[in-house]
Amino acid sequence: MASFENLAKNSDSLMDLLGAQCGDLEKLLALAREETAAAQEGKFLKIWDIVSERTAIGKRLETFQHQIGELRGHLESIGESVSKYDITERVIELSNMTLMQDQHTRQLLTTSREDTLKQLKALGRSTQNANAYLHEKTTGLAYDSNF
């Protein structure tokens, strides 16, 4: 009876970990969407905050993956079929959606960077022209009383 309780406990733990993993993958996708919106609006400080949140979730996902691997190994070693706990398709779906969202954000940020570089170059040329004008040493027309 003790082995059945142990099996049930490990199975429940695996299900909890898989549920938490999917939950975090869904949060990661939601944050990727927020990041894209922030990039479209030019809110770069918000992007920084989102990246920090995504990093924390990424670390948790690594831990989940390690724990899930250990639990699956343990369950398989005692003869339990773990195929019923397979959520690989959902994990792949969420991961691919997040990657596509990140690619869109990357394109937006690249375009923004290129636009900013163009503006900085134009500003540099304007500054040079203004400085050249201000430092012009030519004299104006002299007043001629015979005119």
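Trainee: What is the mean pLDDT of the chain, and what share of its residues reach 70 or more?

Mentor: pLDDT is the predictor's confidence in each residue, from 0 to 100. Where it is low, the predicted coordinates should not be read in detail. Here the chain's mean is 86, and 86% of its residues reach 70 or more. This is a predicted model, with local features needing pLDDT of at least 70, side-chain atom pairs 80 or more, and totals for chains, interfaces and linings using all residues. Residues count from 1 along each chain as its sequence is written, and side-chain values use heavy atoms, without hydrogens and water.

Trainee: In which helix is confidence lowest, and in which highest?

Mentor: Helices are DSSP runs of H or I, at least four residues, numbered from the N terminus. Confidence is lowest in H1 (residues 2-41), at a mean of 85, and highest in H2 (residues 44-77), at 92.

Trainee: How do I describe two packed helices?

Mentor: Use the angle between their axes and the distance between the axes. Axes are lines fitted to C-alpha atoms, over the stretch in contact, with angles from 0 to 180 degrees between N-to-C directions. The axes of H2 and H3 (residues 88-134) come within 14 Å and cross at roughly 150°. The two helices are therefore roughly antiparallel (over 145 degrees).

Trainee: Which residues make the contact?

Mentor: Contact means heavy atoms within 4.5 Å. H2 gives Phe44, Ile47 and Arg54; H3 gives Thr98, Asp102, Leu109 and Ser112.

Trainee: Is Arg54 buried or exposed?

Mentor: Buried means under 20% relative accessible area, exposed over 50%, partly exposed in between (1.4 Å probe, protein chains only). Arg54 is buried, at 15%. Beyond four places in sequence, its contacts include Leu28, Glu35 and Asp102.

Notes: Angles under 35 degrees count as roughly parallel, over 145 as roughly antiparallel, 65 to 115 as roughly perpendicular and the rest as oblique.
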